[in-house]
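User: Could you walk me through this model before I set anything up with it? I'd like the overall picture, and then some detail residue by residue.

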Amino acid sequence: MSETFSFLSSFWNNPAEICSVVPTFSWSARKIARVIPPDVWQQKLLINECGPGTGAITDQIRRLMSEDSRLVLVEKDRALADLLKHKFAADPRITVHTEGAEHIEGIMQRYGRADLNFNMTPITIMPDVVRTRMLDGIRNSLTETGRSVTALFRPFAVPRILRDHFPVVRYRGIAPLNVPPLFIFESRTVVPTLETVASTTVECRRLAAKMDFEMDLLTLDRT
Ligand SMILES: C[S@@+](CC[C@H](N)C(=O)[O-])C[C@H]1O[C@@H](n2cnc3c(N)ncnc32)[C@H](O)[C@@H]1O
């Protein structure tokens with residue numbers, strides 16, 4: 001049975017939780033995974049993915065993650081979770097949990113704090129109590145520098161929801177060739193200090209330089 005057919009069949013049984021008739025296209029999945037820069041992928045990472053479905057994004061994460069990294073998949077749909085167990089059985093870096101991602105905090109207590117989270121569950125339509133527990137759990141089980149990547153097709157509702165749970169939410173682009181198109185967001189657990197940001201992004205390095213320059217002018221003004 002093809003992965004698209006498995007996905008469609010799960011959608012047929014539970015449209016409210018599957019929420020899409022086809023898995024994410026590989027081109028879009030690549031774009032979503034590449035929100036995380038190459039130097040991060042080279043490190044030893046603990047990663048979790050909520051709602052992996054047939055593993056479209058998992059395939060890309062797998063290609064990018066190092067040999068000593070670990071990936072925890074949390075898929076609520078039993079048929080899809082069984083498919084994932086079968087598909088990734090030969091990869092010792094991957095573990096599949098057939099559970100709702102609202103239990104992510106408890107699940108991650110067995111592994112440690114995650115460096116990365118990918119969340120493709122339909123957060124805009126799930127019950128408030130499930131969503132709150134899931135997003136708080138994702139945040140609480142990330143490291144201080146951890147990042148959570150979400151890609152959904154509701155560009156305004158998604159950041160509004162994420163901002164209730166994460167202090168930093170950034171729009172990271174669109175995967176327009178998907179059905180439906182996906183809007184990608186990256187959330188962080190802590191507001192990065194200027195020092196951290198400056199050392200990691202060119203854009204902020206420029207900002208830091210400008211601020212330094214303006215501070216110098218201010219100091220000169222006072223002397
Ligand atoms: C839109 S599909 C995305 C599937 C896959 N990530 C992809 O991109 O093709 C949403 C997935 O989230 C799963 N899901 C929905 N609610 C969930 C929950 N509470 N916990 C874990 N998985 C959930 C569904 O079973 C489905 O596999």
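Analyst: What follows goes from the whole chain to the ligand shell, the strands and a few individual residues.

Analyst: This is a predicted model, in which local features need pLDDT of at least 70 and side-chain atom pairs count only at pLDDT 80 or more, while totals for chains, interfaces and linings use all residues. Residues are numbered from 1 along each chain as its sequence is written.

User: How many helices and strands does the chain have?

Analyst: The chain has 11 helices and 7 strands, where helices (H or I, at least four residues) and strands (E, at least two) are DSSP runs, numbered from the N terminus.

User: And what share of the residues is buried?

Analyst: Buried residues make up 38% of the 223 residues in the chain. A residue is called buried if 20 or more other C-beta atoms lie within 10 Å of its own, exposed if 12 or fewer, and partly exposed in between, with the C-beta atoms placed from the backbone. As for contacts, meaning C-beta atoms (again placed from the backbone) within 7 Å, 66% of those between residues at least 6 apart in sequence join residues at least 24 apart.

User: Switching to the ligand, which residues come nearest?

Analyst: Pro23, Thr24, Gly51, Gly53 and Met120 come nearest, out of 24 residues around the ligand; a residue counts as near if its C-beta atom, placed from the backbone, lies within 6 Å. Helix H2 (15-18) and helix H5 (56-64) each supply at least two residues of that shell.

User: What's the shell like by class?

Analyst: The shell has 13 nonpolar, 6 polar and 5 charged residues, with Ala, Val, Leu, Ile, Met, Phe, Trp, Tyr, Cys and Pro counted as nonpolar, Asp, Glu, Lys and Arg as charged, and the others, Gly among them, as polar.

User: Now the strands: why is E7 described as largely enclosed?

Analyst: Strand E7 (182-188) is largely enclosed by the rest of the structure because 5 of its 7 residues are buried. E7 runs antiparallel to E5, to which 6 bridges join it, and pairs with E6 in the antiparallel sense over 7 bridges; strands are said to pair if DSSP finds at least two bridges between them.

User: Which residues are bridge partners there?

Analyst: Valine 149 has glutamate 186 of E7 as its bridge partner, and tyrosine 171 has phenylalanine 185, also in E7. A hairpin joins E6 to E7 through 6 residues, and proline 180 lies in the loop between these two strands.

User: What joins that proline to valine 179?

Analyst: Valine 179 and proline 180 are joined by a cis peptide bond, with omega at about -10°. In general, most peptide bonds are trans.

User: What packs against the strands?

Analyst: Helix H3 (residues 26-33) has Ser28, Ala29, Lys31, Ile32 and Ala33 as its buried residues, and these pack against H5, E5, E6 and E7. Isoleucine 32 touches Ile57, Val149, Ala151, Ala175 and Ile184, not counting residues up to four places away in sequence. Ile32 is also among the residues with the most contacts inside the largest nonpolar core, which has 47 residues; such a core is a set of buried Ala, Val, Leu, Ile, Met, Phe, Trp, Tyr and Cys residues joined through C-beta atoms within 7 Å.

User: What about H6, which residues are buried there?

Analyst: In helix H6 (residues 78-87), Leu80, Leu83 and Leu84 are buried. They cover an arc of only 100° around the axis, which puts them on the same side of H6, the arc being that of the directions from the helix axis to the C-beta atoms. Arg78 and His86, on the other side of H6, are exposed.

User: Last one: where does arginine 170 sit, and what is it in contact with?

Analyst: Arginine 170 lies in strand E6 and is partly exposed, with 14 other C-beta atoms within 10 Å. Leaving aside its neighbours within four places in sequence, arginine 170 is in contact with Phe185 and Glu186. Arginine 170 and phenylalanine 185 are 15 residues apart in sequence, and their C-alpha atoms are 5.5 Å apart in space.

Methods
Two residues are in contact if their C-beta atoms, placed from the backbone, lie within 7 Å.
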